[in-house]
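Subject: Structure for you to look at

Hello,

Here is the structure we talked about handing over. Please open it next to this note. My findings follow below it.

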Amino acid sequence: MKHEEANKEIGGREAEGQRSRGAEKQRGKRVGGNSKIQNAQSPIPSPQPPVPNLDDWLEIGKIVSPQGLSGELRVYPVSDFPERFEVPGKRWLLRSGDTEPQPIELLTGRYISNKNLYVIRLAGVETCDRAEALRGCKLMVPASDRPQLDEDEYHVLDLIGLEVFMQASGELVGTVVDIIPAGNDLLEVKFHPSFTTDKGQMTNDKKQKTVLIPFVEAIAPVVDLKSNRIEITPPPGLLEINNS
């Protein structure tokens, strides 16, 4: 299944022959004014950094370090689409402290399978120092630039908020609150109070009210977006909360 969130694509490409279901994935494959003098006893409040408005953008990856001395960059992907990093063209760079991404040109990109990283080259970044200055920056694309999904593929945004039911009994388990990228990506499901109480699974740790469910067809055979539901057939023990 493929997935995509409003402000990021969750997931990542795996080794050849495998794709996780994350941002865009398949189940089990890939988803002014005047100033005032402050009273001496009143501390001056620290200015708050501007908060970027990312409603119109998708995060596809994060620059984690330079690669070599010639300006190449290592990028951790949060998208399952290799073309985001391998096909030359315009991308957008969000620097720390900025409120809007700035356009930049992707020149080349290649995948390092054993590290789940891409190595890319950006226009104007030709030295290790320039590459180092981009450490921590995010790569973005417009939210309107959603790739077409194949059958049995979903955007992350489509999955968040779906209710999860036991297929056999129809019992409500809970609601999908996040997608966790992994070898087979995971649905993070917040238990419905009736389910945890009825099953005697209420934990002493009141914060522990979610469970991770592998998003593979064998365990989540039914995804019905129109009905806002996912049906699961979990193996024994999967939904138990760790009470240790």
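Is Asn116 buried, partly exposed or exposed? Asn116 counts as partly exposed, because its relative accessibility is 22%. The classes run as follows: buried is under 20% relative accessible area, exposed is over 50%, and partly exposed is in between, with a 1.4 Å probe and protein chains only.

Before the rest, the ground rules. This is a predicted model, where local features need pLDDT of at least 70, side-chain atom pairs count only at pLDDT 80 or more, and totals for chains, interfaces and linings use all residues. Residues are numbered from 1 along each chain as its sequence is written, and side-chain values use heavy atoms, with hydrogens and water left out.

Two asparagines with positive phi

Asn116 sits in the loop between strand E5 (102–112) and strand E6 (117–122). Helices (H or I, at least four residues) and strands (E, at least two) are DSSP runs, numbered from the N terminus. The phi of Asn116 is positive, about 50°, although Asn116 is not a glycine. Most residues other than glycine have a negative phi. Asn228 also has a positive phi, near 60°. Its loop runs between E13 and E14. Asn228 counts as partly exposed, at 33% relative accessibility.

The six-stranded sheet

Six strands form an open sheet with mixed pairing, in the order E12-E11-E10-E9-E14-E13. Strand E12 (210–214) and strand E13 (222–224) stand at the edges. Each has a single partner strand, so one side of each is left without a neighbour in the sheet. On average, neighbouring strands of this sheet are turned by 35° against each other, direction ignored. Here axes are lines fitted to C-alpha atoms, for helices over the stretch in contact, and angles run from 0 to 180 degrees between N-to-C directions.

Two strands pair if DSSP finds at least two bridges between them. Strand E9 (residues 163–166) pairs with strand E14 (residues 229–232) in the parallel sense, over four bridges. Glu163 stands opposite Arg229 in E14. Strand E11 (residues 186–191) pairs with E12 in the antiparallel sense, over five bridges. There, Val189 has Val211 in E12 as its bridge partner. Val211 also belongs to the covered face of E12, together with Ile213. The uncovered face of E12 holds Thr210, Leu212 and Pro214.

Two buried residues

Arg84 lies in helix H1 (residues 83–86). Arg84 is buried, with a relative accessible area of 6%. Its side chain reaches the backbone oxygen of Asp145 at 2.9 Å. A polar contact is a pair of N or O atoms within 3.5 Å; within protein, one must be able to donate a hydrogen and the other to accept it, and residues adjacent in sequence count only if both atoms are side-chain atoms. Gly61 is 23 residues from Arg84 in sequence and 9.0 Å away in space, C-alpha to C-alpha.

Ser65 has its place in strand E2 (residues 57–67). Ser65 is buried as well, with a relative accessible area of 16%. Neighbours within four places in sequence aside, Ser65 is in contact (heavy atoms within 4.5 Å) with Leu73, Arg74 and Arg135.

Cysteines

The structure holds zero disulfides (pairs of cysteine sulfur atoms within 2.5 Å). Cys137 is buried, with a relative accessible area of 4%. Cys128 counts as partly exposed, at 26% relative accessibility.

Best regards
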